Amino acid sequence: MIRSKSYLYGNRLIAMITLVDALSSCWFGYCQGVFAGVLVSVDFKNLFPETLDANISGITSSCFFLGAFAGSVMAFVTGDKLGRRRTIAWGLLLNLIGATLQFSSYHLPQMICGRLVNGFGIGLTSTTTPVYLSECAQSRHRGKLVLIGASSNVTMYSLANWISYALYFQGGALQWRFPLAFQVVFFFIISPLLLLVPESPRWLLLAGKDQGALEVLAQLAGKNIPMDDGVVTGQLRSIKAAIDLEREDRAPMKDVLCFRDKTHNFRRLILSCGTQFMQQFSGINALGFYLPTLLTQNVGFNQEMSRLITAVIGTVYLVSAFGSLIFIDRFGRRKMMLYGSIAMGLCHLIASLSLRESEVYLPKRKLFGNVTTSMFVIYHVFFGISWAGVPWVYSAEVNSLGWRTRGAAAATATNWLCGFVVTQYTKAGIDNLEWRFYLIFSVFCFCYFPIVLLLYPETSNRTLEDMDEGFKQNPSVIVFGNAEMTHRKRPTIFIEAEAQRIAGV
């Protein structure tokens with residue numbers, strides 16, 4: 001059976017889908033980094049003097065997260081109905097509208113409205129693109145490919161900081177309007193690429209479009225691979241069998257919520273949401289949105305130096321995030337989260353104690369300020385290697401096919417809601433708690449180690465259908481000590497189960 005002619009196939013097609021995910025993540029990262037420089041711009045503060053109030057400043061920054069939370073909830077409700085590509089397209093359009101409202105603002109309500117709309121669009125795209133990529137990629141490459149998207153987020157976060165530093169020397173409205181306007185470029189890059197890629201084969205099967213799914217699987221397999229190729233039809237049968245089994249075993253919602261369904265869908269959703277909760281309460285957005293303010297107010301640097309240090313830290317963060325590509329499949333998801341949590345906790349602890357010492361011993365304030373700054377740099381290294389990307393990979397892998405969009409949407413919504421809480425109260429926390437504020441994040445980070453060790457199964461080197469088998473065969477909430485659920489190598493029982501699914505359909 002010959003498939004329709006396409007210029008994109010095999011690795012080329014996967015590269016294009018990865019590019020869609022990466023560029024969407026770039027827009028997401030740029031939005032996270034750009035507003036820190038906007039808030040400290042003189043012209044912005046003159047035009048919007050209300051933002052000098054910590055609470056108003058907080059809501060102006062954090063309303064973006066509320067919009068993104070609403071977008072993630074919308075993806076939860078409509079994602080499986082619209083499909084992956086259409087959901088991404090709606091998100092891109094809303095991003096464009098929101099960005100335009102922001103850079104053209106002369107009144108604070110318009111700015112807030114623009115950030116809400118922009119956030120809503122980012123909520124849709126950030127929920128959907130990792131799922132789309134994970135459903136198209138092979139299991140042995142999936143972690144690295146999804147992580148490229150998450151690392152691309154950091155690329156634009158870093159660029160936003162350098163733009164902020166460069167425009168420090170440029171007075172007037174250009175200092176903050178240009179950075180906000182620059183993001184519309186992403187719309188005109190991503191939209192044409194989205195037209196070139198097909199829908200996810202797993203979503204097509206979920207929607208009952210078997211022929212379309214078979215054609216996309218053949219495209220993904222490589223050049224001139226016919227639709228009746230044994231490997232392609234075997235993939236189709238395996239995925240379809242997993243969907244049919246899930247539908248047959250579908251339990252009432254009450255049983256799902258009580259973990260009584262065979263595939264433990266609600267438990268898996270909680271696990272994916274948990275990774276995003278832990279990421280946000282590690283303190284990354286407390287630094288991301290307020291690092292220039294923090295370095296000026298707490299450490300004692302002037303505004304130019306604060307912007308420069310923020311840009312340098314963003315660059316370090318970028319390098320370490322892409323460095324995680326080396327480790328993500330070598331060490332697995334669990335070890336990355338375990339080691340990262342301890343390292344980040346130590347950084348926050350030392351930074352907090354250094355700030356305290358700088359207040360007590362004023363002659364040595366500069367020395368302890370430098371120690372604090374170095375801890376923020378090292379924190380971004382460890383966060384970039386571990387918690388920056390792993391939660392996005394994990395939430396795209398751990399959920400079952402029928403719950404994958406809902407699970408990713410719930411996880412992303414958790415990320416945005418927690419991001420809103422952290423961003424809203426960081427300025428007030430810095431003003432009132434001073435050095436004690438960072439102890440909160442230190443305690444959180446240290447608590448993540450036992451949580452991940454006891455509760456989180458490994459997802460690397462597993463097909464997406466393997467995860468269903470793992471939760472069926474191992475229903476215990478505690479996974480510590482269970483080799484099938486925690487070892488990085490793919491267990492034999494999963495390989496045998498896949499062979500049975502292919503042979504049994």
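A residue counts as buried under 20% relative accessible area, as exposed over 50%, and as partly exposed in between (1.4 Å probe, protein chains only). The model is predicted, so local features need pLDDT of at least 70 and side-chain atom pairs count only at pLDDT 80 or more, while totals for chains, interfaces and linings use all residues. Residues are numbered from 1 along each chain as its sequence is written, and side-chain values use heavy atoms, with hydrogens and water left out.

Start with the charged pairs. A salt bridge here is a side-chain nitrogen of Lys or Arg within 4 Å of a carboxyl oxygen of Asp or Glu. By this rule there are six salt bridges. One of them joins Arg84 and Glu135, with the closest N and O atoms 2.8 Å apart. Arg84 sits in helix α4 (residues 84-103) and Glu135 in helix α5 (residues 108-136), so the bridge ties together parts 51 residues apart in sequence. Helices are DSSP runs (H or I, at least four residues), numbered from the N terminus. Both Arg84 and Glu135 are buried.

Next, look at Asp210 and Lys240. Their side chains meet in a salt bridge of 3.1 Å, N to O. Asp210 belongs to helix α10 (residues 210-221) and Lys240 to helix α11 (residues 230-248), so this pair ties parts that are 30 residues apart in sequence. Asp210 counts as partly exposed because its relative accessibility is 27%. Lys240 counts as partly exposed because its value is 28%.

A further bridge links Asp466 with Arg490, the closest N and O atoms lying 2.7 Å apart. Asp466 is in helix α20 (residues 464-473), while Arg490 is in the loop between α21 (483-486) and α22 (492-504), 24 residues apart. Asp466 is buried, because its relative accessibility is 1%. Arg490 is partly exposed, with a relative accessible area of 22%. Elsewhere, salt bridges that share partners join Asp80, Arg84 and Glu135 into one network.

Now turn to the surface. Val73, Met74, Phe76 and Val77 form a nonpolar patch there, with about 310 Å² of accessible area together. Patch residues have over 30% relative accessible area and no salt bridge; nonpolar side chains (Val, Leu, Ile, Met, Phe, Trp, Tyr) are joined within 5 Å, like charges within 9 Å. Areas come from the Shrake-Rupley method with a 1.4 Å probe, and for residues only the protein chains shown count as cover. Phe76 is in helix α3 (residues 54-82). At 32% relative accessibility, Phe76 is partly exposed.

Last, find Ser374 in helix α16 (residues 365-385). Ser374 is partly exposed, at 31%.

How values were computed: Helix = DSSP H or I, 4+ residues; strand = E, 2+ residues; numbered from the N terminus.
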